[in-house]
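This briefing is meant to be read alongside the sequence and the model.

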Amino acid sequence: MSGPQCCDNPPTLNRASGSGHVEELGGLDSYVTGPSDSNSAILLVSDVFGYEAPNLRKLADKVAADGFCVVVPDFIRGDPYAPDDKERPIQVWLKDHEPVKGSEDAKKVIAALKSRGISAVGAAGFCWGGMVVVKLASSDDIQAAVILHPGWITADEINAVRVPTAILGAETDQISPPEQMKQFGEILAAKPEFESYVKIFDGAVHGWTLRYNDDEDSAIKKAEEAHSDLLNWFTKFVK
């Protein structure tokens, strides 16, 4: 994955943000929010900026308010991408944080959740996290997936998907262009054994679901629409 869009509008990270707490799960520090007695969990997999992004935690709290235990693990292990670090461009950072490793770590977190009584898990991934979640969606580890403005994923990866999957894309996206997302939708639609859909958001750019400006009403509205789609998908399939 390359190009500036994955790095646009970086968040101000805040470990103390959100109404939940941080604990260790599956060997990773994780932001956890929601009812402790829920038997359904949602895994949110961050973009390159990591699990301390306030908007990501705000979304986790919103999903938790619907009765899910929501977990946002630190898959990048305290090493968020730093756009100002010119000696470590995004291509180098990505070599240190391959999505396949993220999916392996995610399976450990899921196993830890199931050991606590969780019986159903959904996973949503943003940009880098989308590359992680598409791999999870080819396994029996999760019951449903939402992939939002993903990094570079392939048709073969989409063809391997085995669970209900929604893809939310942006009209203006150099990394995951609408034409490619629609192609992925056609691949998924050819699998009648599970439900799927692709939705392209008019006027949206890569990263719009998390890296929106809090003072732009139109940006907030687009992000909230995507958040509602995500929640509705999980409410339907993660039980």
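Helices (H or I, at least four residues) and strands (E, at least two) are DSSP runs, numbered from the N terminus. With that naming, S139 is placed in the loop between α4 (128-136) and β6 (144-148). The model is a predicted one, and the points below should be read with that in mind.

- Strand β4 (residues 69-73) is largely enclosed by the rest of the structure, because five of its five residues are buried.
- The side chains of β4 are divided between two directions, with C69, V71 and P73 pointing one way and V70 and V72 the other way, and all of them are buried.
- Strand β2 (residues 28-33) pairs with β4 in the antiparallel sense over four bridges, and within this pairing Y31 has V72 as its bridge partner.
- Strand β3 (residues 40-45) runs parallel to β4 and is joined to it by three bridges, with A41 standing opposite C69.
- Between β3 and β4 the chain passes through helix α1 (residues 54-64), and this β-α-β crossover is right-handed.

- In soluble globular proteins, nonpolar side chains tend to be buried together.
- The largest nonpolar core here has 48 residues, and those with the most contacts inside it are L43, W128 and I142; α4 gives the most to this core, with six residues.
- Leaving aside residues up to four places away in sequence, L43 touches V71, P73, F75, A106, V109, I110, G122, A123, A124 and L136, and of these V71 and P73 are among the residues of β4 that point one way from the strand.
- A second, separate core of 33 residues includes L44, F201, L210 and W233.

**Helix α6**

- Helix α6 (residues 178-189) has 12 residues and reaches 16 Å from its first C-alpha to its last, which is close to the 16 Å expected at 1.5 Å a residue.
- The buried residues of α6 are P178, M181, F184, G185, I187 and L188, and what covers them includes α5 (155-159), β7 (165-172) and β8 (196-205).
- An α-helix has 3.6 residues a turn, so residues three or four places apart point the same way.
- With that spacing in mind, M181, F184 and L188 can be picked out among the buried residues of α6.

**The surroundings of S139**

- S139 counts as buried because its relative accessibility is 9%, and the cut-off for buried is under 20%.
- A polar atom of the S139 side chain lies 2.7 Å from the backbone oxygen of L136, while a polar contact of 2.9 Å joins the side chains of S139 and D141.
- Beyond residues up to four places away in sequence, S139 touches K107, R162 and V163.

**Two non-glycine residues with positive phi**

- C127 is not a glycine, yet it has a positive phi of about 55°; C127 lies in the loop between β5 (120-126) and α4, and its relative accessible area of 0% makes it buried.
- H149 is likewise not a glycine and has a positive phi of about 30°; H149 lies in the loop between β6 and α5, and H149 is also buried, with a relative accessible area of 0%.

Terms used
Residues numbered from 1 in each chain as written. Predicted model: local features only at pLDDT ≥ 70, side-chain atom pairs only at ≥ 80, totals over all residues. Heavy atoms only, no water. Buried < 20%, exposed > 50% of the residue type's maximum accessible area, 1.4 Å probe, protein only. Polar contact = N/O pair within 3.5 Å; in protein donor to acceptor, adjacent residues only side chain to side chain. Contact = heavy atoms within 4.5 Å. Expected span 1.5 Å × (residues − 1). Core = buried A, V, L, I, M, F, W, Y, C linked by side-chain atoms within 4.5 Å. Pairing = 2+ DSSP bridges. Right-handed = clockwise from strand over helix to strand, strands pointing away.
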